[in-house]
Amino acid sequence: MTVLGADHDLTFDLVASHISSSSPWFTGWLEGGPRCDGHFFEPRPDSDISPAVRPRTSPLVPRYRRPDSRDVSAWTTFGRD
């Protein structure tokens with residue numbers, strides 16, 4: 001990248017969490033597996049996410065139910081499919 005960036009302006013497009021709710025990453029995170037810990041942003045209750053704008057009808061940080069019946073929230077880009 002350093003060599004390529006020396007002669008060109010580089011721009012990267014990252015779409016985080018652009019997966020399905022049935023993907024192994026999400027289902028593993030939802031099950032609480034340590035392999036998937038940290039894969040999704042779980043804002044604290046006092047987090048101010050109001051500057052984030054997303055033109056969708058679904059919430060930015062929906063709640064999900066874990067197999068142990070705990071509710072968790074995570075920033076996701078998929079609907080309830």
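## From the loop to the aromatic cluster

A: Start with arginine 54, which is placed in the loop between H2 and S1. The model is a predicted one. Setting aside neighbours within four places in sequence, arginine 54 contacts Pro59, Leu60, Thr76 and Thr77. Take Thr77: in sequence, 23 residues separate arginine 54 and threonine 77. In space, their C-alpha atoms are 9.2 Å apart.

Now the rings. The whole structure contains 5 aromatic pairs. In one of them, phenylalanine 26 and phenylalanine 40 have ring centres 5.3 Å apart. Their planes meet at 85 degrees, so this pair is edge-to-face; the cut-off for that class is over 60 degrees. Phenylalanine 26 lies in helix H2, residues 24–30, while phenylalanine 40 lies in the loop between H2 and strand S1 (63–65). The two are 14 residues apart, and their pair links distant parts of the chain.

Phenylalanine 40 is at 5% relative accessibility, and counts as buried.

Phenylalanine 26 has another partner, tyrosine 64. Their ring centres are 5.0 Å apart, with planes at 70 degrees, so this pair is edge-to-face. Tyrosine 64 belongs to strand S1 and phenylalanine 26 to helix H2, so the pair ties together parts 38 residues apart in sequence. Tyrosine 64 is buried, as is phenylalanine 26.

Step back to the cluster. Ring pairs join Phe26, Trp29, Phe40 and Tyr64. Trp29 also has a charged neighbour: arginine 66 lies over the face of tryptophan 29, at 4.6 Å from the ring centre.

Which residues make up the largest nonpolar core? There are 9 in all: Phe26, Trp29, Leu30, Cys36, Phe40, Tyr64, Val72, Ala74 and Phe78. H2 gives the largest share of this core, with 3 residues.

Val72 is worth a look. Again leaving out neighbours within four places in sequence, valine 72 contacts Trp29, Leu30, Pro62, Arg63, Tyr64 and Arg66. Among these contacts, Trp29 and Tyr64 are also in the ring cluster. Arg66 is the residue over the face of tryptophan 29.

Return to phenylalanine 26, then cross to tyrosine 64 in strand S1.

Methods: Residues numbered from 1 in each chain as written. Predicted model: local features only at pLDDT ≥ 70, side-chain atom pairs only at ≥ 80, totals over all residues. Heavy atoms only, no water. Phe/Tyr/Trp six-rings, centres within 6.5 Å; stacked < 30°, edge-to-face > 60°. Helix = DSSP H or I, 4+ residues; strand = E, 2+ residues; numbered from the N terminus. Buried < 20%, exposed > 50% of the residue type's maximum accessible area, 1.4 Å probe, protein only. Lys NZ or Arg CZ within 6 Å of the ring centre and 35° of its normal. Contact = heavy atoms within 4.5 Å. Core = buried A, V, L, I, M, F, W, Y, C linked by side-chain atoms within 4.5 Å.
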